[in-house]
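Here is a short briefing on a protein–DNA model. The points are grouped by topic.

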Protein chains: 2
Amino acid sequence: MKFSTRAGYGLRAMVNLAKNHPRRKNLQEISKEEGMSLKYLEQLFRILKKNNLVVSRKGRVGGYVLAKNPKFIRAGEIIEIMDGPIAPMECAGGRCDMKCSCASSVVWIKLRQQIKKTLYGIKLSELI
Amino acid sequence: MKFSTRAGYGLRAMVNLAKNHPRRKNLQEISKEEGMSLKYLEQLFRILKKNNLVVSRKGRVGGYVLAKNPKFIRAGEIIEIMDGPIAPMECAGGRCDMKCSCASSVVWIKLRQQIKKTLYGIKLSELI
DNA sequence: AGAATACCTACTAAAATAGTAGGATTAATA
DNA sequence: TATTAATCCTACTATTTTAGTAGGTATTCT
């Protein structure tokens, strides 16, 4: 059981931005500070932007800012965006194609609730 | 974020055995009932046996039984055995090789605790 | 002796992951 | 206007993980 490193990097980058909020910051800086490849960061931020977590500015003094105050961004949002929906098992995602009433699906459904509760219970502002 | 299907199958197989406890049951029956390949089940049970969750008997009337009463087997045990240790991110497993004090690791460490708590809070006997 | 069972090793096809590469676009500044 | 520094975009690729399959051996009851 693992979350992708993409989710890890995404979260770290967002925390980094949050520390700087509400000033703009460019990816080269983040890249240096966090020790991640610039090219890879660009990809990650495309995703973050597409999902309205950050706002960008192009050109010479370009860069990124958080789209909202870090008080209103939850760790869960970031992680689900980077990693896909939280669903520890197929059946927990909604439908279980078993004919039998599969007793073990209880485990996955309960677990999913707990993970979401935990992850959406953490604000970005708490991580600064 | 997903657990492997191996963990899912393992759990289902264990629930199946638990329903039968303390009688012995062979893999062909389980295979039919749960709709999983016999050959694959054999592999899974090798792992379960190696980790002392089940006890086997060879030969004509062979089969498997739970090694303990289902009251004393936790969903978490089975899942960690089939899927590897619960560690949603590298850094949550113990060591984080970041020089900086990585603020986001808090998330993974807290999450790990919650997942373990949830999964070890469920007894096999509750799933029958 | 035969049949049914667990046990073991090795292989493989497909999917997901974690990036890299090379360029196009935009906007401030010299 | 030319340069430069930033975001933006598409495509590719090597590696790893996953989810099984295949074929055979060992054991034990009848």
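Which elements of chain A and chain B each supply at least two residues of the surface near DNA strand C? From chain A they are α1 (5–20) and α3 (38–50), and from chain B they are α2 (27–34), α3 (38–50), β1 (54–57) and β2 (63–66). Helices (H or I, at least four residues) and strands (E, at least two) are DSSP runs, numbered from the N terminus.

This is a predicted model, in which local features need pLDDT of at least 70, side-chain atom pairs count only at pLDDT 80 or more, and totals for chains, interfaces and linings use all residues. Residues are numbered from 1 along each chain as its sequence is written, chains are lettered from A and ligands numbered from 1 in the order in which they are written, and side-chain values use heavy atoms, with hydrogens and water left out.

**Symmetry**

- Chain A superposes on chain B by a rotation of 180° with 0.0 Å of shift along the axis, at an RMSD of 0.0 Å. The two copies are thus related as by a two-fold rotation axis.
- The same surface serves both copies, as 100% of the contact residues of chain A recur in chain B.
- The superposition is by least squares on the C-alpha atoms of residues with pLDDT of at least 70 in both copies. Contact means heavy atoms within 4.5 Å.

**DNA strand C**

- There are 28 residues around DNA strand C. A residue is near a molecule or strand if one of its heavy atoms lies within 4 Å of it.
- Lys39(A), Gln43(A), Arg57(A), Ser56(B) and Tyr64(B) come nearest to DNA strand C.
- The side chain of Lys39(A) places an N or O atom 2.6 Å from a base oxygen of DNA strand C.
- α3(B) gives the largest share of the surface near DNA strand C, four residues.
- By type, the surface near DNA strand C has five nonpolar, twelve polar and eleven charged residues. Here Ala, Val, Leu, Ile, Met, Phe, Trp, Tyr, Cys and Pro count as nonpolar, Asp, Glu, Lys and Arg as charged, and the others, Gly among them, as polar.

**DNA strand D**

- DNA strand D also has 28 residues around it, and Glu42(A), Ser56(A), Tyr64(A), Lys39(B) and Arg57(B) come nearest. Sugar and phosphate make up 67% of the atoms of DNA strand D within 4 Å of the protein.
- An N or O atom in the side chain of Glu42(A) is 2.6 Å from a base nitrogen of DNA strand D.
- Phosphate oxygens of DNA strand D lie 2.4 Å from a polar side-chain atom of Tyr64(A) and 2.3 Å from an N or O atom in the side chain of Arg57(B).
- α2 (27–34), α3, β1 and β2 of chain A and α1 and α3 of chain B each supply at least two residues of the surface near DNA strand D. The most, four residues, come from α3(A).

**The hairpins**

- In chain A, β1 and β2 run antiparallel and are joined by four bridges. Two strands pair if DSSP finds at least two bridges between them.
- Ser56(A) has Tyr64(A) as its bridge partner in β2(A).
- Five residues separate β1(A) from β2(A) in the hairpin, and Gly59(A) in the turn has a positive phi of about 80°.
- Gly63(A) and Val65(A) on one side of β2(A), and Tyr64(A) and Leu66(A) on the other, are all buried. Buried means under 20% relative accessible area, exposed over 50%, partly exposed in between (1.4 Å probe, protein chains only).
- In chain B, Val54(B) has Leu66(B) as its bridge partner in β2(B).

**Two loop residues**

- Lys25(B) lies in the loop between α1 (5–20) and α2 of chain B. Lys25(B) is buried, with a relative accessible area of 8%.
- The side chains of Lys25(B) and Asn16(B) make a polar contact at 2.7 Å.
- Phe72(A) sits in the loop between β2 and α4 (75–83) of chain A. Phe72(A) is exposed, at 56% relative accessible area.

Note on methods: A polar contact is a pair of N or O atoms within 3.5 Å; within protein, one must be able to donate a hydrogen and the other to accept it, and residues adjacent in sequence count only if both atoms are side-chain atoms.
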